[in-house]
Amino acid sequence: MDFIDLKSQYAALRENINARIQQVLDHGQYILGPEVKEMEAALIAYTGARHCISVASGTEALLICLMALDLQPGDEVITSPFTFAATAEMIVLAGGVPVFVDIEPDTANIDATLIEAAITARTRAIMPVSLYGQVADMDAINAIADKHGLAVIEDAAQSFGASYKTRKSCNLSTFGCTSFFPSKPLGCYGDGGAIFTSDDALAQACREVRTHGQSQRYLHTRLGVGGRMDTLQCAVVLGKLDRFEWEIERRLALVEAYKRKLQAAVPGLQLLTVRDDRDCVWAQYTVFVDDREALQARLKAAGIPTAVHYPRPLHHQPAYAKYAQPHDCGHSIRAAQRVMSLPMSADLTDAQQDHVVAALAAAIG
Ligand SMILES: *Cc1c(COP(=O)(O)O)cnc(C)c1O
């Protein structure tokens, strides 16, 4: 069993994806070819954001937004310590200082009620992470940002396709940044990502930063990067889009089934909470367990792959320890000790899921 089954997905979409790739090889416009614009237009229609700027990866998306905001050395960006390293990494790379605010223990997303106390005269932006595919409390976060004149950058690398009230992830704040890393809910066959914004000037700034700060050919008006997403990868995303809504429906059905089966077979197992006003796309199906290492070993012996997202909060990573706050982000520390992700993808079969649940029940015993 694969942790994320990309082979079955390709088998289902083979003709579509192959034809899309062949078209690129035939026209030969490998950089900023027609599929780039076509994908951006399709994702604009999907999210409802006014602009989509495709970029080289989800990591690059975060960096380009921060550069488009003209982040200055020492500027502070409030974020969660319970995330993939790229979130804080790009803040530091852009010259900023990550300010870690703890998570809600039941959703594992940044606790919006703790943000205001972390704002200082140097704060420029808030970067909530839509962890596991569930958006944080964006209305509350946007209200705080408006009051203090801050930008909000949603790290939506795991949440493309998720919804919050009536709107889609990536279209909830100043910027939404997603990733098309192969294992994300919408993945390509390499690295890729996208920035979404409805601010015309910021969209233009992102486009310039994406191509070496060029406002026109060989006129470099600002500092930029080589951050484009290539045409072939956009073609792969387009090849996957036709089935994407089905995949989300299937993920939601699988998660309802996980919940039902786990509650019956492993009573007392703590599951992730999803708030009533949002849908999670479950980039990872993560549960909370004790004695995780032993459990993972038993599951591995039973043929069940598992993963940990993430084993250490960033303020306990050597590279970011100097940004630790006096308060210890205790919920993040405990979540890092207890989270474990189970096999999850739209092509997981009901029989495979039964096998996972039975093995987990036996392993917890
Ligand atoms: C995957 C991920 C990223 C980085 O995306 P890449 O496309 O791999 O660069 C950033 N933040 C989070 C939360 C992620 O899960």
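A polar contact here is a pair of N or O atoms within 3.5 Å. I wrote that down before opening the structure, which is a predicted model.

**Entry 1: contacts of the ligand**
An N or O atom in the Q158 side chain is 2.8 Å from an oxygen atom of the ligand, so the pair falls within the 3.5 Å cut-off. Next I turned to S179, where a polar side-chain atom lies 2.6 Å from a ligand oxygen atom. For G58 I had to look at the backbone: one of its N or O atoms there is 2.8 Å from an oxygen atom of the ligand.

How much of the ligand does the protein bury? Taken alone, the ligand exposes 380 Å², and the protein buries 93% of that.

**Entry 2: the surroundings**
I then looked up where the ligand sits, and found it in the largest pocket. Two elements, α3 (58-68) and α4 (86-93), each give two or more residues to the shell around the ligand. I noted 16 residues surrounding the ligand, with G58, T59, Q158, S179 and K184 the closest. Sorted by class, this shell has six nonpolar, eight polar and two charged residues.

**Entry 3: a sheet**
Last, I followed three strands that form an open, antiparallel sheet in the order β7-β6-β13.

Y164 has R167 of β7 as its bridge partner.

Conventions. Residues numbered from 1 in each chain as written. Predicted model: local features only at pLDDT ≥ 70, side-chain atom pairs only at ≥ 80, totals over all residues. Heavy atoms only, no water. Near = heavy atom within 4 Å. Polar contact = N/O pair within 3.5 Å; in protein donor to acceptor, adjacent residues only side chain to side chain. Areas by Shrake-Rupley, 256 points an atom, 1.4 Å probe, with all protein chains shown as cover. 1 Å grid on protein atoms, 1.4 Å probe; cavity = no way out; pocket = protein on both sides within 12 Å on 5 of 7 lines; lining within 4 Å. Sits in = over half its atoms within 2 Å of the grid points. Helix = DSSP H or I, 4+ residues; strand = E, 2+ residues; numbered from the N terminus. Nonpolar A, V, L, I, M, F, W, Y, C, P; charged D, E, K, R; others polar. Pairing = 2+ DSSP bridges.
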